[in-house]
Every structure is written in C-alpha cells, then in structure tokens.
Amino acid sequence: MSDMTAVEIRGAAVLLDDRLETVSIRVEDGRITGLDEPRDGARVIEARGHILAPAMVDIHGDAFERQLMPRPGVGLPVAPALLETDRQLAANGIATAFHALTLSWEPGLRSVDTGWAVVNGLRDLAARLTVENRVQLRWETFCFEALPLIEAALDGPLAPSIAFNDHTSMALLHPSVPLQTRPFEQDPDFPVVDMTTADFAAKMEARAKRSHMSTTAFVDLIGRIWARRPEVPAVVETVAAKGRAANVSMLSHDDSQIVTRDYYRGLGARISEFPMTREVAEAARAAGDAIVFGAPNAARGGSHLGSPGAAEMIAADLCDILASDYYYPAMLLAVARLQADGVAPLPALWKRVAENPAAASGLHDRGVIAPGKRADLVLIDWPEGGVPVIRLTLVAGREAYRAVPEG
C-alpha cells in the first residue's frame, strides 16, 4: 500500500485519548485526516472485532543483538541482521524503535566498530526498512573512543537519543554491596572488587566470550580501562553538551541513587531509564523527569534483577514508559497483563508504549490517534480473555506488516 493511497479503517474499537470508541479512521498522504468522516475513493479496511491503536514507540530495545550474535561468540553479517530486526519490529506493532546500541570499550558485539557498522547499515538500508529505525547511543562512559561515532550519529538523518551507562563501575562493584543501592559511580569511595580473585575472573567469563577474548585478557583489559576513571566526568560533560546542542533526548541508565539522577538531570538527561530503587523513581517524578521501566518486567510480573516491579511502579504513578528492553513482543504482552491484573485501564496503559515514549523522545507527530498526526497504527486481534496479536501495522500510512489468519 502506497502512503499516497487514501484508506478508511472501519469498524474497529479505536483507542483514543481516554476511551475505546467505534469510529472510522481515514488515512491519506501518511497522516490521519479524519475520524468518522468517510469520503468516496478510499480503500476500506474492515476491522470489526479488532482494536485499532497508535503504533508503539520503543525507547530502548537491544533484542537486535540476537540477530547480530545469536549465540555467544557467533557473529552474523549486519545487513541481514538489521533487515530481520526491522521485520520483527513491524510484526510486533513497533513503528518507531530506538535500538539500544551499546558503545563500549569491549571488543566484539558491543564495540565501537560494531556501532559504526550498525549506524552505517541503517543508513544504507533505509529505503528497504519498513519501520523507523533510530538508535539510542547507549554510551559507556569509559569509552572515550566512541565520541566520533556519537558526533556522526548526531549529524545523521534520524536524530538518535543518548543514554549514559556505566557498566564498568557496575562490573567492578565489590560483591558485598547490592547492585540496586550501589553508590553514585563517581563517588571517590566507590567500593571496588579485588580484580585478582578467581571469583572476579569467573564473573567476567561471559563478557570475555562475547568480546572474543580469553578471560585473563579481558580482566587485564578492564583493569586498564578502570585507570581512565579520573577522566570520565569531563568526557561525560562533553557528550552531554553535544546532546544538548543537538537537542536530542538523553537518558541515564540504572540509576541507583538520587544523587545519580540529580547529576544526569543537571546535564540535560531528563529521562530516568530503569531506576533501581523506588526512592530514585520518586525523586525523578518530583523533578518532572520521564521514568522508564522494562516491558518484560511487567509481562513477567517482576524484574529479573530484583529492581522495582513495573506493575507496582505504574500503580504508584512512577512509570511513564514501558520499553521492550530485550524482547520486542513484551510491549504488547505487558499491556495485556497489566490490564488483566487491573493495574490501570487500557488507554492509560497504552500511553506508556506509544504517546509517552514519543513525547519523551521529542516525536510529537505520533503516538496518538488524532487528525494531523502521523498514521502509525496497529490493528490488534484481542479476544476477551485471550492473548492479543498484531494483524496490521501501518507506518506513516504504509503497510509495514499484515497477518491474515487461516479461514
């Protein structure tokens, strides 16, 4: 279907701002041009028995890594991996995706070289992609060599977001200190593990394999990277200044302390991504920051890391956005479970996978069904008491995905 073709979607229960209402939606030139204003000449999509909702916006998803490396140490070419990822997104009703592209000092999957390959691959494949593929520059603060890539991405055709991550300090955290309540990473008294122990080497085995390194070589590398620590704050400030100048959304990742959230907010990062304690989420809410939790957390009924439960946070109005995190289907599954459990009504839940992530990302042309908005829409087969499934995904009026059931 061309984005120039007029289409009328008729008979669906349409998810509007605060309600479901059976109205016809007209799409023309990639935009929603009317509600219940049928005109001759439009192709009609009969949608009775289905729900029509704004297509989802994924603010953080790294499931694309499974296409790049389906098993630890087993890499595949970037182009087919990105094409496959794009189709998975469309099939799951995600019209806009910010791929959480880790830019780390680690070789291999999360290296700067892989980052360049993904950014360049998305650019080169743009005409063949069905949804809007953006990147979240998931920058590891010890990775100084990522700055040229960050600058290039900020100058690219689709504005990225920037997420500040410090998995280096997290990896070196002394085992006696819980991850969820660890001190601010720039604390001069940050408690560090003894890197010479067998236990630490065992902890690094999986990361070494992902990096195509021996464990001994990886431990030696992380020790040398840790020596950069005094330089980190200045580089963080440099990256944040570039993000502010480009007017892109910025996030801080896995905040464990209020001082951590305060620090990144002061640099312009107004999104708290996966805060690890309720106290941090409450501080973010008080300051007017957007708060992100993982959709798998909500779909499974809790965090796999022992962080706050997404359902509990939504009930307390401490979660604005649900991100796919590591599993694209989780966004729809999370909404279904939260609704079934009575956590919130469907319109309020859907805002957390569409309108709210779009607004937090500065994409005010999508995420809602209203005249003039971009026609990013999903048609959902959702039997009462059953599992919902996407039947149709439109991206700027284009048919990105269609599934026709047997019979």
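Reader: How much space lies in the largest cavity?

Author: In this predicted model, the largest cavity holds about 60 Å³ of space. A search of the whole structure finds two cavities of 30 Å³ or more.

Reader: What makes a space like this a cavity rather than a pocket?

Author: The way out decides it: in a cavity a 1.4 Å probe fits but cannot get out, whereas a pocket is open.

Reader: Which residues line the largest cavity?

Author: The lining is made by Phe164, Asn165, Asp166, Met170, Arg182, Glu185, His253, Asp254, Asp255, Thr260 and Tyr264. Strand 11 (161-165) and helix 10 are elements that each supply at least two residues of that lining. Sorted by class, the lining of the largest cavity has five charged, three polar and three nonpolar residues.

Reader: How do you know that Asp254 belongs to the lining of the largest cavity, and which class is it in?

Author: Lining residues have an atom within 4 Å of a grid point of the space, and Asp254 is listed among those of the largest cavity. Asp counts as charged, so Asp254 goes into that class.

Reader: What about the second largest cavity?

Author: The second largest cavity has a volume of about 30 Å³. Around it stand Phe64, Glu65, Leu68, Leu101, Thr102, Leu109 and Arg110. Helix 1 (65-68) and strand 9 (94-103) both contribute two residues or more to its lining. Four of the residues are nonpolar, one is polar and two are charged.

Reader: Let's turn to the pockets. What is the volume of the largest pocket, and which residues lie nearest its centre?

Author: The largest pocket has a volume of about 790 Å³. Its lining has 32 residues, and Arg138, His167, Asp254, His304 and Leu305 lie nearest the centre. By class, the lining of the largest pocket divides into 12 nonpolar, 10 polar and 10 charged residues. At least two residues each come from strand 10 (132-140), helix 5 (167-171), helix 7 (205-210), strand 14 (290-294) and helix 12 (295-300).

Reader: And which element gives the most to the lining of the second largest pocket?

Author: Helix 3 does, with five residues. That pocket holds about 400 Å³ of space. It is lined by 19 residues, with Leu122, Arg123, Asn133, Pro157 and Leu158 nearest its centre. The elements giving two or more residues to this lining are helix 3 (112-124), strand 10 and helix 4 (147-154). The classes come to 11 nonpolar, four polar and four charged.

Reader: Why are helix 3 and helix 4 called roughly parallel?

Author: Their axes meet at an angle of about 15° and lie 10 Å apart. Angles under 35 degrees count as roughly parallel, and helix 3 and helix 4 are therefore roughly parallel to each other. The crossing of helix 3 with helix 4 is left-handed.

Reader: Which residues of helix 3 and helix 4 meet?

Author: From helix 3 come Val112, Gly115, Trp116 and Val119, and from helix 4 come Pro148, Leu149 and Ala152. This contact has six nonpolar residues, one polar residue and no charged ones.

Reader: What makes helix 4 roughly parallel to helix 9?

Author: The angle again. Helix 4 and helix 9 (residues 232-246) pack at about 10°, with axes 11 Å apart. The cut-off is under 35 degrees, and that makes helix 4 roughly parallel to helix 9. In this contact Leu147, Ile150, Glu151 and Leu154 of helix 4 meet Val235, Thr238, Val239, Lys242, Gly243 and Ala246 of helix 9. Six of these residues are nonpolar, two polar and two charged.

Reader: Is the crossing of helix 10 and helix 11 left-handed or right-handed?

Author: The crossing of helix 10 and helix 11 is right-handed. Helix 10 (residues 258-266) packs against helix 11 (residues 278-287) at an angle of about 35°, with their axes 8 Å apart. Ile258, Arg261 and Arg265 of helix 10 make the contact with Glu279, Val280, Ala283, Ala284 and Ala287 of helix 11. Five of the contact residues are nonpolar, none is polar and three are charged.

Notes
Residues are numbered from 1 along each chain as its sequence is written. This is a predicted model: local features need pLDDT of at least 70, side-chain atom pairs count only at pLDDT 80 or more; totals for chains, interfaces and linings use all residues. Side-chain values use heavy atoms; hydrogens and water are left out. On a 1 Å grid over the protein atoms alone, a cavity is a set of points where a 1.4 Å probe fits but cannot get out, and a pocket is an open set with protein on both sides within 12 Å along at least five of seven lines; lining residues have an atom within 4 Å of a point. Grid points are joined across faces, edges and corners, and a volume is the space filled by probe spheres set on the points. Helices (H or I, at least four residues) and strands (E, at least two) are DSSP runs, numbered from the N terminus. Axes are lines fitted to C-alpha atoms, for helices over the stretch in contact, and angles run from 0 to 180 degrees between N-to-C directions. Angles under 35 degrees count as roughly parallel, over 145 as roughly antiparallel, 65 to 115 as roughly perpendicular and the rest as oblique. A crossing is left-handed if the near helix is turned anticlockwise from the far one by less than a right angle, and right-handed if clockwise. Contact means heavy atoms within 4.5 Å.
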